[in-house]
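Try each task with the model in view, then follow the worked solution.

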Amino acid sequence: MSIICLKAGTLATIQDIGRIGYQNIGVIVSGAMDSFALKIANRLLGNHQHEACIEVTLRGTAFHFSEDTYIAITGGDLTPTIQGMDVPQWRPVLVRANQTLRFKGAKKGLRSYLAVQHGFSIEEKLGSKSTYLRANMGGLNGRALQEQDEIQLMNTNWDTPVLPIENEYFSTVSWHVRPDFYKKVRKRHRIRFVEGNEYQWFTTATQQNFERVHFDVAMSSDRMGYRLKGFKLQKDVQQEMVSEAVTNGTIQVANDGQPIILLADRQTTGGYPRIGQVISADLHRFGQMKPGDQIRFERVTLDEAYEALYDLEQQLNHIEVSIQLKK
Amino acid sequence: MRFNEYTTISPMGDAAIRIEFNEAVSVQQYHMMQLLIQHIEDAELPYEEIVPSFQVITILFNPLDVKKKIHNRQNPYQWLEEKICIILQQEITVTEQVEEVVEIPVCYGGEFGPDLEEVANYHSITPKEVIQKHTGRDYFVYMLGFAPGFPYLGGLDESLATPRKQTPRLKIEAGSVGIAGSQTGVYSIETPGGWQIIGRTPTALFTPEAEKPTLLRAGVWIRFYPISIEEYHVLKGENLCQSFA
């Protein structure tokens, strides 16, 4: 059994939690831009939380279901519809046979995660199903989804709870598990960071303004990195850097004085001064950030960064408990 | 010796630790880094991966995995740093490193090396001399990065150092051997790039299906040697008749 991609839309790729363990040979991590939403989509269906989903971006993507299929959609609100009816998100949905699911466009956020129960049957490459576009590996034939692609499902012995709300096209439940963050996604985002390795290279004025100014997210932002436009960051120390490993959320400042935040499809190494590192708890927010949105940075301590991460993990655990109680 | 006489340890965000070696980049120091990596690997700490570069060892970890091991008020970084500092303080005997050389055949010039003439002209030498200089020494692989299996090499003959192309090419074939500034390297996958391309190797540097996906790893030496276009095609497993048809 499979689902068919009828329309590719802006960009749709297979992503899981990423390809971990190969950065020392230059293989990038990839994976979901919003791993928090991906984990919830999987948990709603009883999947392992790291299972691969389809990451749908912005608008236009459509899938055809030839048989009854048990799915969940989380992340940004891209207005998923079947036969013109809104498909509820952040909850399990049983799509009826011969229906078409269309993502009409982003109402809130930017990226949605479409999970199917038991996951997609995609061969793992170096331990992951994530799509690595530049190396043509992972995902479906190493590329973004295209019209007429058939994506096989792992197993269709549905383990379906009672879905009391029914219509001709799908059945679902009245409850949902949408975290507050996704209710409140707007054009302005607050991003917390800890000092980067070259934080002290920047002038005091730049350090201060970095937290005062609203940066604009540039059009050229993508899964590799988000480029920001604000003021020109100035350094007291002018020193050539020797390339070394960078991580998810490294904020590096290129020679033009503009910050770039390295994200899911980042290269494994970089050679620009790093003013900061986005805290792990805030990385998923970039998944829902569009070009033209605005960012304001807030510096925190390492302990605060960990507290924020524990909070996020606790939210995930609470969601898990409420899903279990609803079953 | 002790590692902590040569290193500085610091956090990199909330999910990575940097161990920086204080001396200038050198093969000798790199051997010490490799030794430290072995010691860290043997300690079976809850990290996700270790990424070495010219002067820095970066240890990436999932803070939530580390947290499960902690039974005091430390945060994940502090806990891991403490464990690594124990390794850095140990008295270590430096053993002789086994030098591994990977030989890479290169078809220089012609359609595979469109910039060979330009590089030769830039230095007022003949293309043949460029090839002699380029194959005349071994290059140390300090790290893989930029693309899967792409080696950052040290040791280019300074008299071959050539600025990048004015306009980068939109497509450079996998296997292309190039020079950019005082660096030389081999493109492991097809990608855009501004390097001066002087030749191409039929050897694959990245094979995702293979058990060992990359030909190279950090810490080995590369030795380029020249081959003819016929040898290139034989090694590439291509059918000569077909390519002349």
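**Exercise 1.** Find how strand 15 and strand 16 of chain A pair, and in which sheet they sit.

Step 1: Strand 15 (residues 215-217) of chain A pairs with strand 16 (residues 225-229) of chain A in the antiparallel sense, over two bridges. Two strands pair when DSSP finds at least two bridges between them. Helices (H or I, at least four residues) and strands (E, at least two) are DSSP runs, numbered from the N terminus.

Step 2: Look at A:Asp216, which stands opposite A:Lys229 in strand 16 of chain A.

Step 3: Now follow the closed barrel of seven strands in chain A, in the order 14-21-18-19-16-15-22, with mixed pairing. From one strand to the next, the twist averages 40°.

Before going on, a word on the model and its numbering. The model is predicted: local features need pLDDT of at least 70, side-chain atom pairs count only at pLDDT 80 or more, and totals for chains, interfaces and linings use all residues. Residues are numbered from 1 along each chain as its sequence is written, while chains are lettered from A and ligands numbered from 1 in the order in which they are written.

**Exercise 2.** Trace the pairing from strand 1 of chain A to strand 4 of chain A, and from there to strand 9 of chain A.

Step 1: Strand 1 (residues 2-7) and strand 4 (residues 62-65) of chain A run antiparallel and are joined by four bridges. Here A:Ile3 has A:Phe65 as its bridge partner.

Step 2: Strand 4 of chain A is also joined by four bridges to strand 9 (residues 99-103) of chain A, again antiparallel. This time A:Ala62 has A:Arg102 as its bridge partner.

**Exercise 3.** Describe how helix 1 and helix 4 of chain A pack.

Step 1: Helix 1 (residues 35-44) and helix 4 (residues 302-326) of chain A pack at an angle of about 20°, with their axes 10 Å apart. That makes helix 1 of chain A roughly parallel to helix 4 of chain A. Axes are lines fitted to C-alpha atoms, for helices over the stretch in contact, and angles run from 0 to 180 degrees between N-to-C directions. Angles under 35 degrees count as roughly parallel, over 145 as roughly antiparallel, 65 to 115 as roughly perpendicular and the rest as oblique.

Step 2: Find the residues that meet. Helix 1 of chain A brings A:Phe36, A:Lys39, A:Ile40, A:Arg43 and A:Leu44, and helix 4 of chain A brings A:Leu312, A:Leu316, A:Ile319, A:Glu320 and A:Ile323. Residues are in contact if their C-beta atoms, placed from the backbone, lie within 7 Å.

Step 3: Sort this contact of helix 1 with helix 4 of chain A by class: seven nonpolar, no polar and three charged residues. Ala, Val, Leu, Ile, Met, Phe, Trp, Tyr, Cys and Pro count as nonpolar, Asp, Glu, Lys and Arg as charged, and the others, Gly among them, as polar.

**Exercise 4.** Which domains does the assignment give for chain A, and how do they touch?

Step 1: The assignment gives domain 1 (2-181) and domain 2 (188-316) of chain A; such bounds come from an automatic or database domain assignment. The centres of these two domains of chain A, taken over C-alpha atoms, are separated by 28 Å.

Step 2: The contact takes 20 residues from domain 1 of chain A and 18 residues from domain 2 of chain A. On the domain 1 side, helix 1 of chain A gives the most, with four residues.

**Exercise 5.** Work out which strands stand at the edges of the open sheet in chain B.

Step 1: The open sheet has seven strands in the order 7-6-13-5-12-9-10 (chain B), with mixed pairing. Strand 7 (151-154) and strand 10 (183-186) of chain B stand at the edges, each with a single partner strand, so one side of each has no neighbour in the sheet.

Step 2: Strand 7 of chain B pairs with strand 6 of chain B in the antiparallel sense over four bridges. B:Phe140 has B:Gly154 in strand 7 of chain B as its bridge partner.

**Exercise 6.** How many residues of chain B and chain A are in contact?

Step 1: The count is 41 residues of chain B with 32 residues of chain A.

Step 2: On the chain B side, strand 3 of chain B supplies the largest share, four residues. By class, this side has 26 nonpolar, 10 polar and five charged residues.

Notes:
Two residues are in contact if their C-beta atoms, placed from the backbone, lie within 7 Å.
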